[in-house]
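Subject: Structure handover

Dear colleague,

Here is the structure I said I would pass on. My notes follow it.

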Amino acid sequence: MGMAGGWLLPSLFTQCTPNDPGPEINYAGSVAIIGAGAAGLYAADILRSKGIKVTIYEAGTQIGGRVKSLRNQPVTAYPNIPLMSSDFPLELGADTFIGTDSILGKIVQDYRLATTEFPASANHYVIDNTAYSATDWGGDPDFAAAMAFRQNLKSLAGSSQSVQQEIVAAGISTRAHSLLNGTIGNLYGADNDLAGAGALGEAETLRTGDGKVLVLTGNPLQELLISRFNGVLPSVKLGTPITSIQYGADPVVLTAQDGSTFEANKVIVTVPVSILKNGGITFSPGLPGTHTGSLAKIGMGASFRAIIEFKRNFWGESVGFIFGSTNVPEFMSMGLNRSVFNATLQVTVNGAKAATYSSLGDGAIDALLADLDLLYNDKAPNPVGYGTKYVRRKVDPVTLAETDPIYVMEDWTVREHILGGYSYPLPGATNDDRKNIGQPINGKLFFAGEATDITGNSGMVNGALASAERVAEEVVKSILEPA
Ligand SMILES: Cc1cc2nc3c(=O)[nH]c(=O)nc-3n(C[C@H](O)[C@H](O)[C@H](O)COP(=O)(O)OP(=O)(O)OC[C@H]3O[C@@H](n4cnc5c(N)ncnc54)[C@H](O)[C@@H]3O)c2cc1C
């Protein structure tokens, strides 16, 4: 549904002059927004540009939510920051976006920011612990069948099976199951056992645009949010977790964790779906069955990110993503076409395997290097793994001996106020469930955030931004046309 050309187009307001007679919408009330991630910031920005009073309540200590760039983090939380040497932005959460013509793509163009494409032709795919390009896999029939299955995911719209059940039903060889886990389930925030095939097929059908996979070449994504939504930053109350919303009252009463209360006439909730599902916010009255029923069909589970630096690139200078290793569904060679060193790997693991890494704590790094060693080694009878051999390590200042690997990790599974990766559909869910979760209640309670996206971009920053456009339109409508 985007609003390009629509009556709420925020850029219309950039044409306002100081002589303008006043706000476009005369509204004496106020709107509270819960959460200062991409959805909350954008919704606030659109409403503010219409002249509507907004306050954003954010539980955490910084804006961005699951957009979290390493450059903006304190060394106390990430002690290896001074040792990281990558010459491009390092992202602990979202990094890629799909489509030069997507909402985020257009913001990036407005700011004239350089982007780098990660084309599918740069991907490597793992079968039998071997990483090859699609061309190199050539005539391997199991690879061909798996890629055809991936290509045809759209045709599974309507299925009530898990992705894995559909893979088995399609007779795909077990040799290629991890590969499909890397290119489907993990990409969508889960794994193939957990994710529902029908809604993923539906999402891929709904998503429009040129489909290019892009990253910012030099700008951290969180800093782009800070620049683009600069106008609403003074309206953000950081460190204010909201624990209850009494929307039966007029005005609505919000209670924060420390017991303080706030009032607003309308409230937009943009918190991750995990927070809604585990009762992190109490609603009074309770949410209706349409909301709770659909919430039960959308999952959000374990998610683990690590960024590891190496002394040399042993996986290939022209390689982008490496999909489908048994334990690491996605490696991303972050320096592709944007680094003079190009020797950094980013690991993204969702679903059950993420829970395993999460349970290992700092030991996860050794497990990840061991997984890399299986893929890349000197192939001798007792192979020396390149992961362990070439990882950059700290150097003892006295003995000059190399010690611990240099890396950063973000365990989203336990990150307070997020509690997981991003939303995915359970088997049997449909896009209507996302629509239901986003339904406004009584013209007072509204919902946005990636999980409520209905444009096929759920789980992504573009989905969060699209949901902000939808919810802003709903709020304005409720003001202009009260029921
Ligand atoms: C590891 C990882 C990799 C990802 N990779 C990509 C990618 O490459 N591309 C992409 O497009 N997307 C990616 N995503 C997903 C993307 O980050 C999210 O879809 C998007 O940022 C969600 O925005 P949001 O505003 O809906 O939610 P959030 O960013 O989660 O914002 C919600 C905010 O609500 C706050 N909050 C929670 N509870 C409360 C409360 N009780 N009171 C007040 N505030 C509260 C949270 O602190 C948070 O700041 C990734 C996510 C992860 C975890």
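Which residues do ring pairs link into a cluster? The cluster is made up of Phe118, Tyr125, Tyr132, Trp137, Phe143, Phe321 and Phe323. Please keep in mind that this is a predicted model. Over the whole structure, the search turned up 17 aromatic pairs. One of them joins Phe321 and Phe323, and it is stacked, with 5.3 Å from centre to centre and 10° between the planes. Phe321 and Phe323 are both buried.

Next, the nonpolar core. The largest one has 42 residues, and Leu41, Leu47 and Ile268 touch the most other members. At least two residues each come from strand 1 (30-34), helix 1, strand 2 (53-57), helix 2, strand 7, helix 8 and helix 15. Helix 15 gives the most, namely nine residues. Domain 1 (10-63 + 229-299 + 429-480) and domain 2 (70-217 + 301-414) both contribute residues, so this core lies between them.

For Leu41, the contacts beyond four places in sequence are Ala36, Ile56, Ile63, Gly64, Leu225, Phe229, Val232, Leu233 and Val236.

Helix 15 covers residues 461-480. Of its 20 residues, 16 are buried, so the helix is largely enclosed by the rest of the structure.

Helix 8 (residues 221-228) has Leu221, Gln222, Leu224 and Leu225 as its buried residues. Viewed down the helix axis, these fall within an arc of 155°, so they line one face of helix 8. They pack against helix 1 (38-49), helix 2 (103-110) and strand 7 (213-216). Leu225 of helix 8 is also among the contacts of Leu41 listed above.

Is Thr255 buried or exposed? Thr255 sits in strand 10 (residues 252-256). Its relative accessibility is 17%, and buried means under 20%, so Thr255 counts as buried. Apart from neighbours within four places in sequence, Thr255 is in contact with Pro241, Ile242, Thr243, Ser244, Gln246, Ser260 and Thr261.

Regards

Key
Residues numbered from 1 in each chain as written. Predicted model: local features only at pLDDT ≥ 70, side-chain atom pairs only at ≥ 80, totals over all residues. Heavy atoms only, no water. Helix = DSSP H or I, 4+ residues; strand = E, 2+ residues; numbered from the N terminus. Expected span 1.5 Å × (residues − 1). Buried < 20%, exposed > 50% of the residue type's maximum accessible area, 1.4 Å probe, protein only. Arc of directions from axis to C-beta. Contact = heavy atoms within 4.5 Å. Core = buried A, V, L, I, M, F, W, Y, C linked by side-chain atoms within 4.5 Å. Domains from an automatic or database assignment. Phe/Tyr/Trp six-rings, centres within 6.5 Å; stacked < 30°, edge-to-face > 60°.
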